[in-house]
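Hi everyone, thanks for making time this morning. Let me put the chain up on the screen, and then we'll walk through it together.

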Amino acid sequence: MGVKNITDALTLANYAGLDLVLMSGNSTPAVGKIMDYNKFKYEKQKKQKEAQKRQRETNKEIKEYRLSVVIDIHDFETRARNAKMYLEKGHKIKAQVRFKGRQMAHPELGRDVLNKFAENLSEVSIIETAPKMEGRVMYMLLAPKK
């Protein structure tokens, strides 16, 4: 509508039944827009929520599950059940076995526990990284099936 003084712009906005919104106050001359401000706020909030939703989908978490070489059956099943829930939500799982003391002499026992864990979750996951030893910890990454 061109350059107008404030009183004329307010009058135009009142006749249209809309609001005069300051878009850029630090420019010369100041830029204003005649619009429905509540609708503008609603649309802006809607776009922001959609952007957050997209960001959350791309940033899936890696959940860690610590197992041990001598883990009890019930503990193992509980961790597997919880891991299955997270895999169904789309998260990745990092299962790790920490070796204590003389357990380091038998890393195959830890590998067996990790393989059993992966086998238990095979219907909802695939092995992304095979069991790997790093110091006293052996770990494996599981990703959800598509």
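The secondary structure here comes to four helices and six strands, where helices (H or I, at least four residues) and strands (E, at least two) are DSSP runs numbered from the N terminus. Going along the sequence, the pattern reads α-β-β-α-β-α-β-α-β-β. The radius of gyration, taken over C-alpha atoms, is 29 Å, well over the 15 Å that the globule rule gives for 146 residues, so the chain is more spread out than a compact globule. That rule is 2.2 Å times the number of residues to the power 0.38. Along the principal axes, the C-alpha atoms fill a box of roughly 85 × 30 × 20 Å.

A word on the source: this is a predicted model, with local features needing pLDDT of at least 70 and side-chain atom pairs counting only at pLDDT 80 or more, while totals for chains, interfaces and linings use all residues. Residues are numbered from 1 along each chain as its sequence is written, and side-chain values use heavy atoms, leaving out hydrogens and water.

Buried residues (under 20% relative accessible area, 1.4 Å probe, protein chains only) make up 23% of the 146 residues.

Now, please look at Ser 125, in strand S5 (residues 125-134). Is Ser 125 buried or exposed? Buried, with a relative accessible area of 5%. A polar atom of its side chain lies 2.8 Å from the backbone oxygen of Leu 121. Leaving aside residues up to four places away in sequence, Ser 125 touches Leu 87, Leu 142, Ala 143, Pro 144 and Lys 145, with contact meaning heavy atoms within 4.5 Å.

How values were computed
Buried means under 20% relative accessible area, exposed over 50%, partly exposed in between (1.4 Å probe, protein chains only). A polar contact is a pair of N or O atoms within 3.5 Å; within protein, one must be able to donate a hydrogen and the other to accept it, and residues adjacent in sequence count only if both atoms are side-chain atoms.
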